[in-house]
Amino acid sequence: MPPTVLDALGAPVDVAAWAATAEPGADVIAPLTAVDPSTVDGAARIDLLIALERQIAWLQSVQQQVLAELDGRALDWAGKESIDYTQEQVGAALRLSPGHAADRLGTARGLVDQLPATLASLERGEITYLHAKALAEAVAPFDAKTTAEIEARVLTRAADQTVGTFRAALRRAVIAADPRRAEQRHEQGLAERCVVLTPRDDGMTELCALVPTEGAALVKTVLDSLASVKAPGESRTADQRRADCLIDVFARVLGDPNLPEQHGRKPSIQVTVALSTLLGCDEQPADLDGHGPITAQAARRIAADPTGTWRRLLTDPASGQLLEYGRQTYRPPANLADFVIARDKRCVFPGCRRPARHCDLDHAEAWCTGGETCEHNLHPLCRRHHRAKHDAGWTVRHRADGAYHWTSPTGHVTTVRPLDDS
């Protein structure tokens, strides 16, 4: 018989030691969570950590089976052939972006359909979800026979390896299984090339680019050359000069009159700031498009930039809403489009982070049924989620406080608050 909750209260050290080696499952959870970590010594606390990690792995193995049952089985709410919006439903339910939800669905399908031994090892708490996910992603391009060979080669030692060590062993196994696919994998990698900006809390942003090796060498060569020029009394380090030169290159490009327009305007960088802050009456944080909150001092400096690179938008200091003005045409004119894009910043579908300037401006209430072209009836939706609203049974209601209430085809409600990012 497994220990009980009373055993956990009377002999917590023994229960912790038992839970660290017991087969994970429902019988372990109650006594394990009844152990108060403040009542046991350091060794028992490590046992608790091990036991909890094994239980988490077991629960995640169960979750993979649920996700695999969902994937590709979305109901056809419109009664016709349509795009599968399972990833949107999962994303809204788990508070994930649709892309992240799609990754989770793909991992689950791979584990359930192709990697039963890996899923069983996760269920027993021998490996973590990160081990299982790495293996599922690595074998995705391979057939069943090759997948089984890779799994058999790496799984035997996975329980004793860190995720980093396991990934290294996995890379070796993948190459050994099919060396000729190396160039094919490079071609697939080319299709995934991207640039990602990640704001930090200190007013800086990390810029990460996944590019071909030869392209990275070109960028480095140009930056090294530009940064090699040192002005008299130069105090910047070489790394600082390279970073500044990278910005200078794009600042020159932004002035090119041939750059494509977005919603009828030349590209510009937008800062949204309260009128009282711009006037120096208070120090409220402002918002830099694509980055997020910035200090009042930085906002005033940007807003006063004489180059014309920046576009300044003013908000009401009390509500945070943009200062209003109305429009009554079907296609939003440039200034109304500017207003909606600045207000919501990105696609307002749950979990989507696509910038509003790259989205469609959709009528909450359709124009043909009496909906007006005004700021209260317009919102940005990326093309995929625009289709989800019109073709897949999703509905949205825009509240007076700026929040959007989305209802999925299953009746689940998710709230999106664009102002929370301000």
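Is Lys345 buried or exposed? Lys345 is buried, because its relative accessible area is 9%, and the cut-off for buried is under 20%. The model is a predicted one. The residue sits in the loop between helix H16 (334-344) and strand S7 (360-363). Its backbone also deserves a look. Phi of Lys345 is near 70 degrees, a positive value in a residue other than glycine.

But Arg95 counts as exposed, because its relative accessibility is 75% and the cut-off for exposed is over 50%. So Lys345 is buried, whereas Arg95 is exposed.

Now turn to the helices. Start with helix H2 (residues 12-21) and helix H4 (residues 42-70). Their axes come within 8 Å and cross at roughly 35 degrees. The crossing of H2 and H4 is left-handed. From H2, the contact draws on Val13, Ala16, Ala17, Ala19, Ala20 and Thr21. These meet Ala44, Asp47, Leu48, Ile50, Ala51 and Arg54 of H4. Sorted by class, the contact holds nine nonpolar residues, one polar residue and two charged residues.

Stay with H4 for one more residue. Gln65 is found in this helix. Gln65 is partly exposed, with a relative accessible area of 38%. Which residues does Gln65 touch, leaving aside its neighbours within four places in sequence? Gln65 is in contact with Val112 and Leu119.

Helix H8 (residues 129-139) and helix H9 (residues 144-158) pack at an angle of about 160 degrees, with their axes 11 Å apart. H8 is therefore roughly antiparallel to H9, since the angle is over 145 degrees. H8 passes H9 in a right-handed crossing. On the H8 side, the contact is made by His131, Leu135 and Val139. On the H9 side, Thr147, Ile150, Glu151, Val154 and Ala158 take part. By class, this contact has five nonpolar, two polar and one charged residues. The handedness can be set side by side: the H2 and H4 crossing is left-handed, and that of H8 and H9 is right-handed.

Next come the strands. Strands of a sheet pair through backbone hydrogen bonds, either parallel or antiparallel. Strand S1 (residues 194-199) and strand S2 (residues 205-210) run antiparallel and are joined by six bridges. Within this pair, Thr198 stands opposite Glu206 in S2. S1 and S2 form a hairpin, with five residues between them. Gly203 lies in the turn and has a positive phi of about 80 degrees.

S9 and S10 pair in the antiparallel sense over four bridges. Val396 stands opposite Trp406 in S10. The two strands form a hairpin with five residues between them. In the turn, Gly402 has a positive phi of about 95 degrees.

Then take the S11 side. Strand S10 (residues 404-407) is joined to S11 by four bridges, and the two run antiparallel. Thr407 has Val413 in S11 as its bridge partner. S10 and S11 form a hairpin as well, with five residues between them. Gly411 in the turn has a positive phi of about 95 degrees.

Gly203, Gly402 and Gly411 are glycines with positive phi in hairpin turns.

How values were computed:
Residues numbered from 1 in each chain as written. Predicted model: local features only at pLDDT ≥ 70, side-chain atom pairs only at ≥ 80, totals over all residues. Heavy atoms only, no water. Pairing = 2+ DSSP bridges. Axes fitted to C-alpha atoms, helices over the stretch in contact; angles between N-to-C directions. Left-handed = near helix turned anticlockwise from the far one by under 90°. Contact = heavy atoms within 4.5 Å. Nonpolar A, V, L, I, M, F, W, Y, C, P; charged D, E, K, R; others polar. Parallel < 35°, antiparallel > 145°, perpendicular 65-115°, else oblique. Buried < 20%, exposed > 50% of the residue type's maximum accessible area, 1.4 Å probe, protein only.
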